[in-house]
Amino acid sequence: MATIPTTNAFLTTPTKTPSDKSHSRKHPHPNSTTGSDMSSFASISNSKSRFEAYNRLQAATVAFGEKLPIPEIVALGGQSDGKSSLLEALLGFRFNVREVEMGTRRPLILQMIHDSTALEPRCRFQEEDSEEYGSPVVLPSAIADLIKSRTDALLKKTKTAVSSKPIVMRAEYAHCPNLTIIDTPGFVLKAKKGEPERTPEEILSMVKTLASPPHRILLFLQQSSVEWCSSLWLDAIREIDPTFKRTVIVVSKFDNRLKEFTDRWEVDRYLSASGYLGDNTHPYFVALPKDRNTISNDEFRKQISQVDSESSPSSA
Ligand SMILES: Nc1nc2c(ncn2[C@@H]2O[C@H](COP(=O)(O)OP(=O)(O)O)[C@@H](O)[C@H]2O)c(=O)[nH]1
Ligand SMILES: [Mg+2]
């Protein structure tokens, strides 16, 4: 499985000094890995079929409630800390406009499949109680509603505020990597109006359970407006993975924070997170488009590269 820092240059932000102009922040097109000679072609189709096998294996383990130690990435963090936005950026198109209002209430297993022939995203949902992807292709504009109706229907049955039963979506697209990420309900301090008071603990314990298997890689997001010393959820992550051995820490909405820095030492201190994460854990800093208007997929990807170059420390 591809690792996030190497396949997505917009996530690779220098963790040392902001004046390091030598750091390249190019955006390789996913297709740029496509070689023209037969051997690289063979290796691509090889990795494609391996990824296909991986997806089927993963879907089967989910359906049968089995545990198979295939590496998987779980995105987790506080509500509105930017998990779904990061997933959309990796996917290369938007789908969760609605989710911003209602919040994620079921894990979403997002299987991204790079397919250079899929110029428009082809998304399918796994049926609720089987491994099959029987449903027709769902347009990106209909995804949020489908997630919402499936979530509502299940929660009505279970009579709970959250459920650990995942929704599985497979997206084939020319602009996404081969990557599977599990999006999770965001941690909250207080239950929303009308929700059981226990909802925050339920979310915490459910996400902890999801992130506990040692083969899972934790993609922990925290907003950049939060100081390291007052992080709300870092301790919860530490309880799951005490030394951050399998945790990637991503500081989101870095565009907001960057505006507040006045001195270089402030930036250095914040970027190094010195004393809070341990010597070998370096966070990544990410800025994504904040504009929630409906835009074309091409425009969305353009905005991602623009916001990245605008908020990169080297251009500040
Ligand atoms: N300014 C800014 N806003 C962001 C960024 N990433 C996400 N947001 C906004 O933060 C809000 C919550 O994001 P979302 O991805 O839904 O968070 P989630 O609850 O963790 O899934 C949305 O309104 C996003 O548009 C960013 O990098 N910069
Ligand atoms: Mg979300």
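Hi everyone, let's start at the ligand: 18 residues surround ligand 1, and the closest are Lys-83, Ser-84, Ser-85, Leu-288 and Lys-290. Here a residue counts as near a molecule or strand if its C-beta atom, placed from the backbone, lies within 6 Å of it. Bear in mind that this is a predicted model, where local features need pLDDT of at least 70, side-chain atom pairs count only at pLDDT 80 or more, and totals for chains, interfaces and linings use all residues. Residues are numbered from 1 along each chain as its sequence is written, while chains are lettered from A and ligands numbered from 1 in the order in which they are written.

Which helix gives the most to the shell around ligand 1? That is H3, with 3 residues. Helix H3 covers 83-91, and helix H8 (254-258) also supplies at least two residues of the shell. Helices (H or I, at least four residues) and strands (E, at least two) are DSSP runs, numbered from the N terminus.

Now the sheet. It is open, with 8 strands in the order E3-E4-E2-E5-E1-E6-E7-E8 and mixed pairing; two strands pair if DSSP finds at least two bridges between them. Strand E3 (122-125) and strand E8 (284-285) stand at the edges with a single partner strand each, so one side of each has no neighbour in the sheet.

Further in, strand E6 (residues 216-223) and strand E7 (residues 247-252) pair in the parallel sense over 6 bridges. One bridge joins Leu-218 to Thr-247 in E7.

Thanks, happy to chat!
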